[in-house]
Amino acid sequence: MTSDELQQLFAQFGQVDKVDIIIDRETGKSKGFGFIEMPVSSEAEAAIKSLHGTETGGRTLTVNQAKPKTDAPRRPSRPPRHG
């Protein structure tokens, strides 16, 4: 899906402030998920309830509220290669 398609899909339920599709840095392709910001919580909840589990473009949507990032430790980076 494109950002515009997601915008239109969620706009059925209310105002959409922002749509971000997450792109893999190495491949430049979508990672298959994104974030939609809706300023009115009741509209966002209606979108979640209505769209979660539906099929769009041959794919089943998983729609839920984003959780804040935790302060979990990051994965260790690879040691430098010598050679």
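How exposed is Ile-22 in terms of relative accessibility? At 24%, Ile-22 counts as partly exposed, a class that sits between buried (under 20% relative accessible area) and exposed (over 50%), with a 1.4 Å probe and protein chains only. The structure here is a predicted model, so local features need pLDDT of at least 70 and side-chain atom pairs count only at pLDDT 80 or more, while totals for chains, interfaces and linings use all residues. Residues are numbered from 1 along each chain as its sequence is written, and side-chain values use heavy atoms, with hydrogens and water left out.

First, the overall layout. The protein has 2 helices and 4 strands, and reading along the sequence gives the pattern α-β-β-α-β-β. These elements are DSSP runs numbered from the N terminus, with helices being H or I of at least four residues and strands being E of at least two. Of the 83 residues in the protein, 14% are buried. As for contacts, meaning heavy atoms within 4.5 Å, 29% of those between residues at least 6 apart in sequence join residues at least 24 apart.

Back to Ile-22, which lies in strand S1. Leaving out residues up to four places away in sequence, Ile-22 touches Lys-29, Ser-30, Lys-31, Phe-33, Gly-34 and Phe-35. One of these, Phe-33, is 11 residues along the chain from Ile-22, with 6.0 Å between the two C-alpha atoms.

A pair of aromatic rings is described by the distance of the centres and the angle of the planes. By the rule used, rings of Phe, Tyr and Trp (its six-membered ring) pair if their centres lie within 6.5 Å; planes under 30 degrees apart are stacked, those over 60 are edge-to-face and the rest are tilted. Searching the whole structure turns up 1 aromatic pair. Phe-33 and Phe-35 make this edge-to-face pair, at 6.1 Å centre to centre and 85° between the planes. Both partners are partly exposed, Phe-33 with a relative accessible area of 41% and Phe-35 at 40%.

Salt bridges come next. Side chains of opposite charge can pair when their charged atoms come close. The criterion is a side-chain nitrogen of Lys or Arg within 4 Å of a carboxyl oxygen of Asp or Glu, and the structure holds 1 such bridge. Lys-18 and Asp-20 are the partners, at 3.6 Å from N to O. Lys-18 is partly exposed at 39%, and Asp-20 is also partly exposed, at 33%.

Then there is the pocket. Rolling a probe the size of a water molecule over the atoms shows where empty space is left. On a 1 Å grid over the protein atoms alone, a pocket is an open set of points where a 1.4 Å probe fits, with protein on both sides within 12 Å along at least five of seven lines, and lining residues have an atom within 4 Å of a point. Grid points are joined across faces, edges and corners, and the volume is the space filled by probe spheres set on the points. The largest pocket comes out at about 990 Å³. It is lined by 27 residues, and the closest to its centre are Gly-34, Phe-35, Ile-36, Thr-62 and Val-63. Two or more lining residues come from each of helix H1 (3–11), strand S2 (30–37), helix H2 (41–51) and strand S4 (59–60). S2 gives the largest share, 7 residues. By type, the lining divides into 14 nonpolar (Ala, Val, Leu, Ile, Met, Phe, Trp, Tyr, Cys and Pro), 10 polar (the others, Gly among them) and 3 charged residues (Asp, Glu, Lys and Arg).

Val-63, one of the residues closest to the pocket centre, sits in the segment after S4. Val-63 is buried, with a relative accessible area of 11%. Beyond its neighbours within four places in sequence, Val-63 is in contact with Phe-10, Ile-48, Leu-51 and His-52. Asn-64 is also placed in the segment after S4, but counts as exposed at 55%. Between the C-alpha atoms of Asn-64 and Ala-44, 20 residues apart along the chain, there are 9.4 Å.

Finally, Gly-14 is found in the loop between H1 and strand S1 (18–23). Residues up to four places away aside, Gly-14 touches Met-38 and Glu-43. The C-alpha atoms of Gly-14 and Ala-46 are 9.0 Å apart, with 32 residues of separation along the chain.
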